[in-house]
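Please look at the sequence and the model first.

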Amino acid sequence: MTTTPDPTAARLSVGETIAPREPADIRGETVPLPDPERLVHLQFRRFAGCPVCNVHLRSLALRHDEIRAAGVREVAVFHSSVRDMLPYQGDLPFDAVADPGRELYAAFGVGRSVRALLHPKAFTSPLRPSSWSAYMKGVRNGARLTGSPDGTDPIGLPADFLIGPEGRVRALRYGAHAADQWSVDELLALAAEARA
């Protein structure tokens, strides 16, 4: 089991500048953070098989052309291994990054809490019938639904960051429960505001 960094001291604020880094996505491609040419929507999700996370990512995938046209690069981070992510996130049209050691989570102050699972709104998204197709796709491919030997667990909290090409945090949201993230419409509005 890996040692989990304590993220509580690292929470960021709007206006702060992030340190440049280049994590690899699950396909082995380098992901520049920040991206020198576009805004980056850096989203932290929970474990690879999280039904709430996967439903949300499918909503982003459906509107990815619109998001890209708004000058935004999507990057989704999970505290799971590449092996666990590929059945769920392998066909996404944007970058997905495995961070089982939670180094990026710690750098951005993204924490964990049982509130991720206990809040009533955390249950509403995966219970919609249309939500189950993305979730069951990974199940059929043999992916794990919860934790795995690499140290993942189901109590992570989500977070969203909009980062400018110069590395400045333009907007952020630290989620209070598993389904607390920006919608596509919120993201597009924030991107328009950042470009203005």
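Q: In which sense do strand β4 and β5 pair?
A: In this predicted model, residues are numbered from 1 along each chain as its sequence is written, local features need pLDDT of at least 70, and side-chain atom pairs count only at pLDDT 80 or more, while totals for chains, interfaces and linings use all residues. Side-chain values use heavy atoms, with hydrogens and water left out. Strands (E, at least two residues) and helices (H or I, at least four) are DSSP runs numbered from the N terminus, and two strands pair if DSSP finds at least two bridges between them. Strand β4 (residues 159-163) and β5 are joined over five bridges, and the sense is antiparallel.

Q: Which residue in β5 is the bridge partner of I163?
A: β5 covers residues 169-174. The bridge partner of I163 there is V169.

Q: Which strands stand at the edges of the sheet?
A: The sheet is open, has five strands with mixed pairing, and runs in the order β3-β2-β1-β4-β5. Two strands have a single partner strand each, so one side of each is left without a neighbour in the sheet; these are β3 and β5.

Q: What angle does the direction of α3 make with that of β3?
A: α3 packs on the sheet and touches β2 and β3, where contact means heavy atoms within 4.5 Å. Axes are lines fitted to C-alpha atoms, for helices over the stretch in contact, and angles run from 0 to 180 degrees between N-to-C directions. For α3 and β3 the angle is about 155 degrees.

Q: Within what arc do the buried residues of α3 fall?
A: Buried means under 20% relative accessible area, exposed over 50%, and partly exposed in between (1.4 Å probe, protein chains only). In α3, D84, M85, P87, Y88 and Q89 are buried. Seen down the helix axis, using the directions from that axis to the C-beta atoms, these residues line one face of α3, because they fall within an arc of 165 degrees.

Q: How many residues apart in sequence are the parts that R58 and D91 tie together?
A: The side chains of R58 and D91 meet in a salt bridge (3.0 Å, N to O), that is, a side-chain nitrogen of Lys or Arg within 4 Å of a carboxyl oxygen of Asp or Glu. R58 lies in helix α1 and D91 in the loop between α3 and β3, so the pair ties together parts whose separation in sequence is 33 residues.
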